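Here is a short briefing on one protein model. Keep the structure open as you read.

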Amino acid sequence: MTERAQSTGEETAARQPALRTPGRRSIGPGIVVAATGVGAGDLVATLIAGSRFGYTLLWAAVVGCLVKISLAEAAGRWHLASGRTLFDGWRSLGPWTTVYFAPYIVVWGFVYGAAAMSASALPLTALFPHTLDLRTWAVLAGLAGLVFVWFNRYAVFEKVMTALVGVMFLVTLYLAVRVTPNLGDAFAGLVPVLPDGSLVYTLGLIGGVGGTITLAAYGYWVNAKGWRDAGWMRVMRLDNRVAYLTTGVFVIAMLIVGAELLHSSGVALAQGGKGLIGLGEILDARYGAVTARLFLVGFFAASFTSLIGVWHGVSLLFADFVKRVRADGAEGPSAPVPVERSTAFRAYLLWLTFPPMALLFLDKPFVLVIVYGVIGAFFMPFLALTLLWLLNSSRTPSAWRNGWLSNGMLTGAALLFLVLCVQQVRELPW
C-alpha cells in the first residue's frame with residue numbers, strides 16, 4: 001500500500017480485498033438511524049419550508065441529507081476501524097467529554113421522553129376520536145415502546161423499524177403524487193437560492209432533518225447487526241447511503257406537499273405535532289377522509305419510529321457510558337456492544353418512560369427548559385468536532401482515517417451546527 005493511499009481512507013477502503021461484499025445483511029442500521037432521526041418536528045419543519053418558500057429550499061433538504069450521511073458514516077467507521085465504541089473514543093479525548101455527556105443524556109432523556117410520547121399520541125387521538133384523551137394515548141405509547149424494547153433484541157427491533165419506514169415512505173410518496181407536483185419548479189429548487197429572510201431558516205432545515213443524538217447511536221446499531229470490524233466497511237457505507245437516500249426522498253415528498261398544498265393557498269401550520277393534525281384536516285377537506293387517515297397512519301409511523309428508536313439506541317449509548325465510567329482507567333478495545341438486557345440499558349429505558357410522564361400533566365419547568373435547550377444545542381457541534389478529532393488521530397488506524405472529503409463534510413457540519421447552536425441559545429426564554 002502506498003503512502004498516498006494511506007493518507008486517504010476512502011481510496012484505501014475501495015482497494016481492501018478483505019471487505020465483505022453486500023448481501024442480504026447489507027441494509028438495516030442505516031434505516032434505523034434515519035427513521036429515528038426523522039420525527040414529527042422534522043416533518044413540520046419541512047412542510048413549513050414548503051409552505052413559506054415553495055420549492056426554493058429543496059436544495060437545502062438535499063444538502064441536509066448529505067450532512068447526515070457524512071456524520072453517520074464517520075460514527076460507523078470509528079466503531080468498525082478502531083474496534084472501540086464512540087463513548088470509549090470520547091473518553092480517550094479527556095474527562096471533559098464525560099462532564100458534558102453525563103448531564104446531557106440525563107436531562108435530554110427526561111424532556112425528550114415526554115415529547116416523543118406526545119408526538120405518538122397526536123395521530124392516535126385524531127384516528128380514534130372520542131375514545132381516549134391525548135395524555136392517556138401518550139402514556140400508552142410510552143409503555144408500548146418500553147415493553148417492545150425491553151423484550152426484543154436488535155434483530156426484531158430492526159424488522160419492525162423497517163416495516164414502519166415502509167409505511168412512512170409509501171404514505172409520503174402517495175401524498176406527493178396526490179397533490180400533483182410542479183416538476184419544473186421542483187427541479188429549479190435544486191439550484192441553491194436564499195430568499196430574503198431565509199438564512200437562519202435554511203440552516204435549520206439543513207441541520208434539523210434527521211439530526212439528533214441517534215446519529216451517535218449508529219455505530220452501536222452497526223455492531224448490534226454483527227458488523228464488528230473493518231471488513232464490513234463497504235457494507236456499512238452502502239447501508240448508510242441507501243438509508244439517507246430514502247430519507248431524502250421522504251423529505252422531498254413532504255416539501256412538495258407543503259409547496260403545493262400550503263404555499264399556493266397561503267395556509268400556515270402550527271409548530272410541532274399539532275401542525276400535522278392541521279395538515280390532516282386540510283387533506284380531509286381537499287381529498288377526503290381516506291387520504292387524511294392514510295396521512296395520520298404515516299404520521300404515527302414517523303413518530304413511533306422515533307420513540308422506539310430512541311428507547312433502544314440511546315439506551316445502548318447510556319449503557320456504554322455506565323460501563324466505561326465503572327471501568328475508569330481501562331484502556332484498549334472491549335466488548336463493542338452493551339448487552340441489551342443489562343441493568344444500565346433497562347434503567348435508562350425506565351428513565352425515558354416513567355419520569356417524563358410527569359411533564360405530560362404539568363407545564364415544563366422553566367429551569368429545565370433552559371438547561372435542556374443549552375446542553376442540547378451543543379450536542380451536534382460536539383459530535384461533529386469529536387469525530388473530526390478521533391478520525392484524524394492515531395486512535396484510528398491510518399487506512400481508515402479521514403480523507404479530504406470526509407474532513408470537508410465534517411468541518412462543514414461542525415460550522416453549520418455551531419451557527420445553529422448560537423442561534424438556538426439566543427432564542428431561549430432566558
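A residue is called buried when its relative accessible area is under 20%, exposed when over 50%, and partly exposed in between, using a 1.4 Å probe and protein chains only. By that rule E158 is buried, because its relative accessible area is 10%. The model is predicted: local features need pLDDT of at least 70, side-chain atom pairs count only at pLDDT 80 or more, and totals for chains, interfaces and linings use all residues. Residues are numbered from 1 along each chain as its sequence is written, and side-chain values use heavy atoms, with hydrogens and water left out.

**Salt bridges**

- A salt bridge here is a side-chain nitrogen of Lys or Arg within 4 Å of a carboxyl oxygen of Asp or Glu.
- The structure holds seven of them.
- Helices are DSSP runs of H or I with at least four residues, strands are runs of E with at least two, and both are numbered from the N terminus.
- E73 and R237 join through their side chains at 2.8 Å, N to O. E73 sits in helix α5 and R237 in helix α13, so the bridge ties together parts 164 residues apart in sequence.
- E73 is buried at 9% relative accessible area. R237 also counts as buried, at 9%.
- K225 pairs with E158 at 2.9 Å, N to O. K225 lies in the loop between α12 (214-224) and α13, and E158 lies in helix α9, so this pair ties together parts 67 residues apart in sequence.
- K225 is buried, with a relative accessible area of 15%.
- D88 and R324 form a salt bridge at 3.8 Å, N to O. D88 is in helix α6 (residues 86-92) and R324 in helix α15, 236 residues apart.
- Both D88 and R324 are buried.
- A network of salt bridges links R84, D88, D320 and R324.

**Cavities**

- A cavity is a set of points, on a 1 Å grid over the protein atoms alone, where a 1.4 Å probe fits but cannot get out; lining residues have an atom within 4 Å of a point.
- Grid points are joined across faces, edges and corners, and a volume is the space filled by probe spheres set on the points.
- There are two cavities of 30 Å³ or more.
- The largest share, four residues, comes from α13.
- Ala, Val, Leu, Ile, Met, Phe, Trp, Tyr, Cys and Pro count as nonpolar, Asp, Glu, Lys and Arg as charged, and the others, Gly among them, as polar.
- The lining of the largest cavity has nine nonpolar, two polar and no charged residues.
- The second largest cavity holds about 50 Å³. Residues lining this second cavity include L43, L175, M254 and G298.
- α9, α13 and α15 (289-326) give two or more residues to the lining of the second largest cavity.

**Buried helix residues**

- Contact means heavy atoms within 4.5 Å.
- S70 lies in helix α5 (residues 58-82). S70 is buried because its relative accessible area is 11%.
- Leaving aside neighbours within four places in sequence, S70 is in contact with M409 and L410.
- Helix α16 (residues 343-353) has several buried residues, among them F345, Y348 and L352.
- The buried residues of α16 pack against α7 (96-127), α8 (134-151), α15 and α17 (357-361).

Terms used. On a 1 Å grid over the protein atoms alone, a cavity is a set of points where a 1.4 Å probe fits but cannot get out, and a pocket is an open set with protein on both sides within 12 Å along at least five of seven lines; lining residues have an atom within 4 Å of a point.
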